[in-house]
Amino acid sequence: MAVVAAPGLDQLRVGFVGAGRMAEALAQGFIRAGKVEAQHILASAPSDRNLCHFRALGCQTTHSNQEVVQNCWLVFFATKPHVLPAVLAEVAPVVTTEHILVSVAAGISLSTLEELLPPATRVLRISPNLPCVVQEGAMVMARGRHTGNSDAELLQTLLEACGQCEEVPEAHVDIHTGLSGSGVAFVCAFSEALAEGAIKMGMPSGLAHRIAAQTLLGTAKLLLQKGQHPAQLRTDVCTPGGTTIYGLHALERGGLRAATMSAVEAATCRARELSGK
């Protein structure tokens, strides 16, 4: 089937090549926000193991990657990075200039994507993170040489159904991986430690973990809604000689700030290694 010119957003047909957790999270966000109708989403995977989740959302499924590209002009490639080059070679014969192709795979540069696809193909990279599953993701996107403003705006509008999305230079994508992709694990480690401090002082475990998680959620909302620098909010919580400044002093003695900065640096450097930079 030949792909026709891009319709309006209300008629958008979206494809997913690869049907893992992140692909499912994006599809779920699009559907819940009313951006794309479930029956207008087509996903492919080698087996039914993950496709069953797409069918549960009301989406169409197939085992043919080419079928997805032939029937959808906006296609997300959400395969494992080492698989993506072979997948792109498989679908390249049915890619047209009408397509917008979006890679979710870490470590595959825009220039590599463009080399593996027909000339003038419109490609973008996105870097999502796990909270996209609950539509609270922090995402960045970078566009290829042939991708126009309207293409980028369309993708950004869609992705905002899954959280916050900002367009960045490609050089920032690996930094985002270290800050936000890996950062989810860093925040979980801090939440766990915060709760364990309360458990040590006698609070029941379940209650401590719930309060720690809510503290992180509330603090994040304050930072985003007020637009304040974290240092200002921290200062607002501190009173001279109070409990908070004593606790902060203990964190500084433990090297929390330096350890966190080093964690983001290490994760970013590893992302760059995987990208072959």
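How many cavities of 30 Å³ or more does the count come to? The count comes to one. A cavity here is a set of points on a 1 Å grid over the protein atoms alone where a 1.4 Å probe fits but cannot get out. This is a predicted model, in which local features need pLDDT of at least 70 and side-chain atom pairs count only at pLDDT 80 or more, while totals for chains, interfaces and linings use all residues. Residues are numbered from 1 along each chain as its sequence is written, and side-chain values use heavy atoms, with hydrogens and water left out.

The largest cavity has a volume of about 40 Å³, where a volume is the space filled by probe spheres set on grid points joined across faces, edges and corners. Lining residues have an atom within 4 Å of a point; among them are Phe77, Leu88 and Ser103. Strand E5 (100-103) gives the largest share of this lining, three residues. Strands are DSSP runs of at least two residues (E) and helices of at least four (H or I), numbered from the N terminus. By class, the lining has eight nonpolar residues, one polar and no charged. Nonpolar covers Ala, Val, Leu, Ile, Met, Phe, Trp, Tyr, Cys and Pro; charged covers Asp, Glu, Lys and Arg; the others, Gly among them, are polar.

## An open pocket

Now for a pocket: an open set of points with protein on both sides within 12 Å along at least five of seven lines. The second largest pocket holds about 1000 Å³ of space. Its lining has 40 residues, and Ala78, Thr79, Lys80, Pro81 and Val104 lie nearest its centre. Helix H1 (21-32) and helix H12 (256-274) are among the elements that give two or more residues to this lining.

Where does this pocket lie? Domain 1 (9-169) and domain 2 (182-275) both contribute lining residues, so the pocket lies between them. The domain bounds come from an automatic or database domain assignment.

## A pair of rings

There are four aromatic pairs in the count. Rings of Phe, Tyr and Trp (its six-membered ring) pair if their centres lie within 6.5 Å; planes under 30 degrees apart are stacked, over 60 edge-to-face, and the rest tilted. Phenylalanine 16 and phenylalanine 54 form a tilted pair, 5.7 Å centre to centre with 55° between the planes. Phenylalanine 16 sits in strand E1 (residues 14-17) and phenylalanine 54 in helix H2, so the pair ties together parts 38 residues apart in sequence.
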